[in-house]
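Have a look at the model, then read the points in order.

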Amino acid sequence: MNIKSIVMLSTLLLLSGCVSMMGNTRNKSESIGTFHDISTAARDTSPILEISKDDFKNINIDKDVSPTIIREDRVEYFEIVELTGKENSDFSLTIASLCDCIGFRKWAVLAEPFMFGPDGSPVEMKKGGTPEAQTLTGSFPKSGAYKLLIIANTKYLDQQMGNIHGYWDYSNSASGFTLPLRVHQTGLVQVVWNK
């Protein structure tokens, strides 16, 4: 292997983070302004995509095209996913914040999810898990199209939400390192509709 190949391979490895930053991004910016309450944001914003049961989608909460909401004097970005629910059927969703891990940059969205029914009313959900991966469970009160609104909460912006662990030399566990995973205002979120 020549020096040019080694440099190219090293660069590729440096730029590839914990996950591919490929995700579904809104085609264009919402031209409807900034919202001041969650229910209006859900009602007046079209979903970025639809997810089906036993499927997952990566969505990109993007500073350039995602809609915004003002909460407690903070401007926060959000996205909406649509799912079709059947009356009285249970659901289990997992919301995972995927690390943007290029080089030594380790950050992720602190996802805050809300669900709204076909009539725009909030749906009660039990939330469990960690800031990086949370599970939402509940039951659909009626049949129809539901909106899952995911806000990139910035209340704890730049604060540590977890750790990324790795090894400099994979054959030697003593060469391990830990880097803090910090809260960021935008990023990639994976939505999984569990069986």
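Which residues do ring pairs link into a cluster? They are Phe 91, Phe 140, Tyr 146 and Trp 193.

1. Before the details, some housekeeping: this is a predicted model, where local features need pLDDT of at least 70 and side-chain atom pairs count only at pLDDT 80 or more, while totals for chains, interfaces and linings use all residues. Residues are numbered from 1 along each chain as its sequence is written, and side-chain values use heavy atoms, with hydrogens and water left out.

2. Back to the rings. The structure holds 4 aromatic pairs (rings of Phe, Tyr and Trp, the last by its six-membered ring, with centres within 6.5 Å; planes under 30 degrees apart are stacked, over 60 edge-to-face, the rest tilted). Phe 140 and Tyr 146 have ring centres 4.7 Å apart and planes at 50°, so this pair is tilted. Phe 140 is buried, with a relative accessible area of 1%, and Tyr 146 is buried at 0% (buried means under 20% relative accessible area, exposed over 50%, partly exposed in between, with a 1.4 Å probe and protein chains only).

3. Phe 140 also pairs with Trp 193: the centres are 6.1 Å apart and the planes at 65°, so this one is edge-to-face. Phe 140 sits in the loop between β10 (133-139) and β11, and Trp 193 in strand β14 (residues 187-193), so the pair ties together parts 53 residues apart in sequence. (Helices, H or I of at least four residues, and strands, E of at least two, are DSSP runs numbered from the N terminus.) Both Phe 140 and Trp 193 are buried.

4. Now look at strand β11 (residues 144-152), which is mostly covered, with 7 of its 9 residues buried. β5 and β11 run antiparallel, joined by 8 bridges (strands pair if DSSP finds at least two bridges between them), and Val 81 stands opposite Leu 148 in β11. β8 pairs with β11 too, in the antiparallel sense over 6 bridges; here Glu 112 stands opposite Ile 151.

5. Side chains of opposite charge can pair when their charged atoms come close. A search of the whole structure finds 8 salt bridges (a side-chain nitrogen of Lys or Arg within 4 Å of a carboxyl oxygen of Asp or Glu). One of them joins Arg 26 and Glu 79, with the closest N and O atoms 2.5 Å apart. That pair links distant parts of the chain, 53 residues apart: Arg 26 in the loop between α1 (3-15) and β1 (34-35), Glu 79 in strand β5 (residues 74-85). Arg 26 and Glu 79 are both buried.

6. Glu 112 turns up again in a salt bridge with Arg 71 (2.6 Å, N to O). Glu 112 is in strand β8 (residues 111-116) and Arg 71 in strand β4 (residues 68-71), 41 residues apart. Exposed or buried, what is Glu 72? Glu 72 is exposed, with a relative accessible area of 60%, yet its salt-bridge partner at 2.8 Å, Arg 74, is buried at 16%. Salt bridges that share partners join Arg 71, Glu 72, Arg 74, Glu 76 and Glu 112 into one network.

7. A last stop: the charged end of Lys 127 sits over the ring of Phe 114, 5.1 Å from its centre (NZ of Lys or CZ of Arg within 6 Å of the ring centre and within 35 degrees of the ring normal).
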